[in-house]
Amino acid sequence: MPSKKSRILHRQPNAELPMAFMGDGPYIIDDNGKRYIDASGGAAVSCLGHSNTRVRQAIKDQVDNIAFAHTSFFTSKPAEDLADFLVEHSPQGLDYAYLVSGGSEAVESALKLARQYFIELGQDSRKYFIARRQSYHGNTLGALAVGGNLWRKQQFAPILVDTEHVSPCYAYRDQKSDESELDYGLRIANELEQRIESLGAKNVIAFVAEPIVGATSGVLTPVPGYFKRIREICDQHGILLILDEVMCGMGRTGSLFACEQEQVSADILCVAKGLGAGYQAIGAMLLSDKIYNTITDGSGFFQHGHTYQAHATACAAALAVQQEIQDNNLIDNVQNMGLKLQSALLSQFGNHPNIGDIRGRGLFWGIELVADRVTKKPLDPKLKVHSAIKTAAMNEGLICYPGGGTIDGKQGNHILLAPPFIINEKHVTEIVDKLARAIDTALVNCGLGND
């Protein structure tokens, strides 16, 4: 008997998805009782797994008090406490928080705030954002416009604002053989200065970047010195630096904020995913007092807003998530298990003929697939190897996050891993073993491997 047709417009309407029934630590269990180890946290979201008692209780307690009050009339204690936590633990110079419902909202808010900041200063000519090719900043129109993934934005291009893009920091493919990491980073960073000068600094609002690029390029980690030079360029030319840590932030890379490892801070910084760990929908934009004071001393009004911003229940959940991470020293576990995962990945795939690069930090890892390890030639995009890996992984009881178009939006395939902060060595072994079988199965199914 055929299953009931879903009335949901799913991401892929014709796909038949298993029904998530319950969670058990790092596992999701479907309605048939099958267990899947969540090796990507969904999309780097579920950093505490799927059954944390403390967070669930915090949600229940808040609903018992009051679930929601609109922010044009009230603030709430969970929102105030969460903002205090974020500011107290944020990189230097970020002194205020704006709480929203997700990553795209956080980035959209950042773009609008950055433009309004310069309007308040009387610098109306500033209209350009500069970002990087192969970046991803969200799916609202503004966030999509600054993003650098051609596949995601091509059909919407006529309704997107014009933005400028420079090269990503992609050492695996772009560093020259006679170039040190430092020299490569400076060369790529200086593209930003050249673009600012070509546009005229008085016309540029901000540079937008993920400290570690996530979904679109499969965990691109910057080389040493790159972001220090980026920060210098922004300061020299009087433009803002907006850092998008929606995927890579909140402990994912082994420090609460990814930019800490680059020894830089931002004028505006966006977080989401790991902030609420999937228990509620939440994101945040952090901003400097320079920007805050310009707004409050000027118009006194940020011309932006969403109905569910600073949602009391979502804030209560996010605060409980962050307290759980702190109280149990889970960022230490991210660092320790990250080293175990790195070692296991290198041991399993270091000589694999179709694995070109293994890169990452903490519990945030990317594996780039290739047709030839020596030439780094990408696999034929028509094979959709990443999709085949996802299917094979689900059959194995493994959730990973494969992506296509890694190199330029068309060519390249990668797998992203972002398991919960609560994993142990046994989970690391399970993830890598299942991933190895899934990759081999997918390659065979695509006509590339050996039976």
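The legends below describe close-up views of a predicted model. Residues are numbered from 1 along each chain as its sequence is written, and side-chain values use heavy atoms, with hydrogens and water left out. Local features need pLDDT of at least 70 and side-chain atom pairs count only at pLDDT 80 or more, whereas totals for chains, interfaces and linings use all residues.

View A. Strand β1 (residues 20–24) pairs with strand β2 (residues 27–30) in the antiparallel sense over 4 bridges. Strands (E, at least two residues) and helices (H or I, at least four) are DSSP runs, numbered from the N terminus; two strands pair if DSSP finds at least two bridges between them. Met22 stands opposite Ile29 in β2. The hairpin has 2 residues between its strands, and Gly25 in the turn has a positive phi of about 60 degrees.

**View B. Helix α14 and its two ends.** The 21 residues of α14 (residues 425–445) should span 30 Å, and the end C-alpha atoms are 30 Å apart, which agrees. The expected span is 1.5 Å times one less than the number of residues. At the start of α14, a side-chain oxygen of Asn424 reaches to within 3.0 Å of the backbone nitrogen of Lys426. After the helix comes Gly447, whose phi is positive, near 80 degrees. The buried residues of α14 include Val428, Ile431, Leu435 and Ile439; buried means under 20% relative accessible area, exposed over 50%, and partly exposed in between (1.4 Å probe, protein chains only).

**View C. Salt bridges around Asp267.** A salt bridge is a side-chain nitrogen of Lys or Arg within 4 Å of a carboxyl oxygen of Asp or Glu. Side chains of opposite charge can pair when their charged atoms come close. Arg231 and Asp267 meet in such a bridge (2.9 Å, N to O). Arg231 lies in helix α9 and Asp267 in the loop between β8 (240–244) and β9 (268–271), so the pair ties together parts that are 36 residues apart in sequence. Lys290 also forms a salt bridge with Asp267, the closest N and O atoms being 3.8 Å apart. This second pair links Lys290 in helix α10 (residues 289–297) to the loop between β8 and β9, 23 residues apart. Asp267 is buried, at 8% relative accessibility, while Lys290 is partly exposed, at 40%.

**View D. The salt bridge of Glu179 and Arg187.** The two side chains meet at 2.6 Å, N to O. Glu179 is buried, at 13% relative accessibility, and Arg187 is partly exposed, at 30%.

How values were computed: A polar contact is a pair of N or O atoms within 3.5 Å; within protein, one must be able to donate a hydrogen and the other to accept it, and residues adjacent in sequence count only if both atoms are side-chain atoms.
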